[in-house]
Amino acid sequence: MPYGISYAGAEADYNSADAVIFGIPYDHTASFKAGAREAPFSIRRASYNFEEIHFEHGLNQPHLELYDYGNCDDFVLPEDMIEEVNFAVKPAIRDKKFTIAMGGEHSITVPIIQNHDNRDIALITIDAHLDSRDEYLGSSYSHACVTRRASEHLGLDNVYALGVRAISAEELDREDVVPFITSFEMMDKGAEWAIKKAMDEVRNDNIYLSIDIDGIDPAFAPGTGTPEPFGLMPMDVKKIINIIGERLAGFDVVEVCPPADPSGITSILAARFINEALAVYAKHSKG
């Protein structure tokens, strides 16, 4: 259990829990504004903003028993962070719990993915950046390398990025480009078109959805380390979570940066995305 407050509604013990939520306060490869290490506490606090149910899912919507693991310890080196996440998350994945992680930066997604059997899941990210470099600033575990590391474990045909609008030349000038759809295409063709295309093209059925909060337009999510204009609308992300539906197998929200979010609206949006994922998973697993 966390020091201080738990995530709202996380009243179950581990053994009886359907879902486990983790805080992973790591931001030591941040390349512009650091501060994502403060996000787990800020998102937990924001989770108390909401009603116990979200009525659009029905008055008698199924309820998940939720356990809050608390925060992983913070380390400087990404290799130490990975070892800590392995220790925390591996038992929950082994025990078939639905896992939700609160970053921290996007590099925290890699060890979670690596703890899944590569035949079990595909990774779909919502992100302003393709994050597919082999290494960045001397680290292969930088937050700029997430989809590359994930594709090495899952296969290039099991990784897809949505909402992308910032890609380096080195990421495009190669044969094994990570598949992506830009936010510009999604504005023209719709979020429904984009997520259905991604779900059709990945090989594995179960989807781990990773939301880098900078995938959303900074007008709605200003509190992030590397904001990028021309992003997705929050309602589009809600639609995407619901369309994934019964294929949703894991979830995280990363790169919320409370020091850059004085009003707290980015943490509130992150908590609402977590609630949406919990509601959708409950509907399809217990409904």
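The structure is a predicted model, and the values below were computed from its atoms. Its largest nonpolar core has 50 residues, and helix 9, which spans residues 265–286, gives the most to this core, with ten residues. Helix 9 also gives the most to the lining of the largest pocket, with four residues.

**Nonpolar cores**

- Within the largest nonpolar core of 50 residues, the residues with the most contacts inside it are I43, L162, I211, F251 and I274.
- A second, separate core has 30 residues, and C72, M81, A88 and L130 are among them.
- In soluble globular proteins, nonpolar side chains tend to be buried together.
- When neighbours within four places in sequence are left aside, I43 is in contact with Y7, M102, V253, V256, S267, A270, A271 and I274.

**Helix 1 and what covers it**

- Helix 1 runs over residues 39–46, and because six of its eight residues are buried, it is largely enclosed by the rest of the structure.
- The buried residues of this helix are A39, P40, S42, I43, R44 and A46, and I43 also belongs to the residues with the most contacts inside the largest core.
- The cover over the buried residues of helix 1 includes strand 1, strand 2, strand 3, strand 8 and helix 9.

**Aromatic pairs**

- The structure holds four aromatic pairs, and two of them are described here.
- F22 and Y69 form a tilted pair, with 5.1 Å from centre to centre and 45° between the planes.
- Because F22 lies in strand 1 (residues 19–24) and Y69 in strand 2 (residues 66–71), this pair ties together parts that are 47 residues apart in sequence.
- F22 has a relative accessibility of 1% and counts as buried, whereas Y69, at 23%, counts as partly exposed; the cut-off behind these words is that a buried residue has under 20% relative accessible area.
- F98 and Y281 form a stacked pair, with 4.0 Å from centre to centre and 10° between the planes.
- Since F98 lies in strand 3 and Y281 in helix 9, this pair ties together parts that are 183 residues apart in sequence, and both F98 and Y281 are buried.

**Pockets**

- The largest pocket holds about 540 Å³ of space, and it is lined by 20 residues, of which A8, G9, E51, E52 and H63 lie nearest its centre.
- Sorted by class, the lining of the largest pocket has eleven nonpolar, six polar and three charged residues.
- The second largest pocket holds about 280 Å³ of space, and of the 13 residues that line it, I93, K96, K97, H116 and A249 lie nearest its centre.
- Helix 2 (78–94), strand 3 (98–103) and strand 8 (248–254) are the elements that give two or more residues to the lining of the second largest pocket.
- That lining divides into six nonpolar, three polar and four charged residues.

**Cavities**

- The structure has two cavities of 30 Å³ or more, and the largest cavity holds about 60 Å³ of space.
- Among the 14 residues that line the largest cavity, A30, K33, A34, G225 and E255 are the closest to its centre, and its lining divides into five nonpolar, five polar and four charged residues.
- The second largest cavity has a volume of about 30 Å³, and its lining is made of F22, V89, T99, I100, A101, I112, Y208 and F251.
- Strand 3 gives the most to the lining of the second largest cavity, with three residues, and this lining has seven nonpolar residues, one polar residue and no charged residues.

**Two single residues**

- I265 lies in helix 9 and is partly exposed, with a relative accessible area of 37%.
- Although I265 and A221 are 44 residues apart in sequence, their C-alpha atoms are 6.9 Å apart in space; not counting residues up to four places away in sequence, I265 touches F220 and P222.
- N115 is found in the loop between helix 3 (109–114) and strand 4 (121–126), and at 17% relative accessibility N115 counts as buried.
- Leaving aside neighbours within four places in sequence, N115 is in contact with N86, K90 and I93, while 19 Å separates its C-alpha atom from that of G70, which is 45 residues away along the chain.

Definitions and conventions: Residues are numbered from 1 along each chain as its sequence is written. This is a predicted model: local features need pLDDT of at least 70, side-chain atom pairs count only at pLDDT 80 or more; totals for chains, interfaces and linings use all residues. Side-chain values use heavy atoms; hydrogens and water are left out. A nonpolar core is a set of buried Ala, Val, Leu, Ile, Met, Phe, Trp, Tyr and Cys residues joined through side-chain atoms within 4.5 Å. Buried means under 20% relative accessible area, exposed over 50%, partly exposed in between (1.4 Å probe, protein chains only). Contact means heavy atoms within 4.5 Å. On a 1 Å grid over the protein atoms alone, a cavity is a set of points where a 1.4 Å probe fits but cannot get out, and a pocket is an open set with protein on both sides within 12 Å along at least five of seven lines; lining residues have an atom within 4 Å of a point. Grid points are joined across faces, edges and corners, and a volume is the space filled by probe spheres set on the points. Ala, Val, Leu, Ile, Met, Phe, Trp, Tyr, Cys and Pro count as nonpolar, Asp, Glu, Lys and Arg as charged, and the others, Gly among them, as polar. Rings of Phe, Tyr and Trp (its six-membered ring) pair if their centres lie within 6.5 Å; planes under 30 degrees apart count as stacked, over 60 as edge-to-face and the rest as tilted.
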